[in-house]
Amino acid sequence: MPPAPLAAALALPGHGGTVAERIALAEISLRDAHAQGAVLAVLPEAYLPGYTHARSDVGPTARAWLADAARRYAMTIAAGYVDDDACVLGVTTPAGVHTRYTKRFLSPAEARVWRPGSASVIADTPVGRLGLLVCADVLQLDAWAPFVGAVDAVVIAAAWPDYRGRLATVSRVARPGLGWLFGASNPYRRELLARAARAVGAPVVFANATGPVREGAEEGFSGGACIYGADGIVLAEGPVAVAPLVRGVPGARLTHPPEWAAFTRIYRWAAASRGGTRASGRPLG
């Protein structure tokens, strides 16, 4: 029986630098992943041009670079990029086949500028069938449902902030009510992804942004790129986390505890409301 393919989750800065500089930085991590034998690499959300709440014309550049890098490294590469008003997770194989998924469940701020995708996507690649998700998609249980027993891995590109730092940016009146949410966000995300891997019966490759959310900001992205096995155990974590992809058997249905179920409903409603006032490419800061 052939060995299981190796995947790499890459932790890279979510903000800063030109597109050329960001590509050069990604190449360093891709070379590292390739040297460790990875045949799949996953980069964070909106890695090109960098995560901001704005439109971008970087789509053609991103697709051309992905095709070239996938060919050079003989690697399937999944990377987040912004294409006009869509937050995309693009997967390119060494043969140049490109599969595109548009983030379905936007944050309220994102919904002011980006349009949501309309369907789940499973990419057929040399590594296997890959379910595609972007950041806040993971909070919506119906985003996971199409993958149960149907994929060899779920790949996630994220720009998940460290919400503990965000608490200082909201009004003092709102802090008592939001404290539990911001403090629990990252621990819950880690537990949710572990349970999701078990429910789907497949590994989860989570690539998250690092560094400040914008120039000079104290608030940062939460990092924590890692790979969960189909049993929910973290197999590897770090700047270039490499681990084998081995399918399992789907487990218990994924659910939220009541407080998070309520939050996800509110979050989804708020994003839908903001989407009605979508701006035309205006950076939100």
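Predicted model: local features only at pLDDT ≥ 70, side-chain atom pairs only at ≥ 80, totals over all residues.
Zoom out and you'll find β5 and β6 in an open sheet of 6 strands, ordered β6-β5-β4-β3-β1-β13, with mixed pairing. β6 (98-102) and β13 (240-244) are the edge strands, each pairing on one side only. On average, neighbouring strands here are turned by 25° against each other, direction ignored. As a reminder, strands of a sheet pair through backbone hydrogen bonds, either parallel or antiparallel.

**Strand β4**

With β3, the sense is parallel, over 3 bridges, and here Val 42 faces Ala 78 in β4. The hairpin of β4 and β5 has 2 residues between the strands, and Asp 84 takes a positive phi near 60° there.

How many of the 8 residues of β4 are buried? The count is 8 of 8, so the strand is mostly covered by the cut-off of under 20% relative accessible area. In a regular strand the side chains alternate between the two faces of the sheet. In β4, Thr 76, Ala 78, Gly 80 and Val 82 are buried on one side, while Ile 77, Ala 79, Tyr 81 and Asp 83 are buried on the other.

**Helices across the strands**

Helix α1 (residues 19-35) lies across β1 (6-10), β3 (40-42), β4 (76-83) and β13, and runs at about 155° to β1. Helix α2 (residues 59-73) lies across β4, β5 and β6, at about 170° to β4.

**Aromatic rings**

Now for the rings: the model has 5 aromatic pairs. Take Tyr 51 and Trp 114, whose ring centres are 6.0 Å apart with planes at 85°; an angle over 60 degrees counts as edge-to-face, so that is what this pair is. What does the pair tie together? Tyr 51 is in the loop between β3 and α2, and Trp 114 is in the loop between α3 (108-111) and β7 (122-125), so the contact links parts that are 63 residues apart in sequence.

Phe 263 and Tyr 267 make another pair, this one tilted, at 5.5 Å centre to centre and 50° between the planes. Both belong to helix α7 (residues 258-275), and because they are 4 residues apart, about one helical turn separates them. Ring pairs also bring in Tyr 188 and Trp 260, giving a cluster of Tyr 188, Trp 260, Phe 263 and Tyr 267.

Here is how buried the residues of these two pairs are:

| Residue | Relative accessible area | State |
|---|---|---|
| Tyr 51 | 12% | buried |
| Trp 114 | 0% | buried |
| Phe 263 | 19% | buried |
| Tyr 267 | 14% | buried |

**Charges over rings**

Finally, look at two arginines. The charged end of Arg 22 sits over the ring of Tyr 47, 4.3 Å from its centre. Arg 189 lies over the face of Trp 160, and the distance to that ring centre is 5.6 Å.

Definitions and conventions
Residues numbered from 1 in each chain as written. Heavy atoms only, no water. Pairing = 2+ DSSP bridges. Axes fitted to C-alpha atoms, helices over the stretch in contact; angles between N-to-C directions. Contact = heavy atoms within 4.5 Å. Phe/Tyr/Trp six-rings, centres within 6.5 Å; stacked < 30°, edge-to-face > 60°. Buried < 20%, exposed > 50% of the residue type's maximum accessible area, 1.4 Å probe, protein only. Lys NZ or Arg CZ within 6 Å of the ring centre and 35° of its normal.
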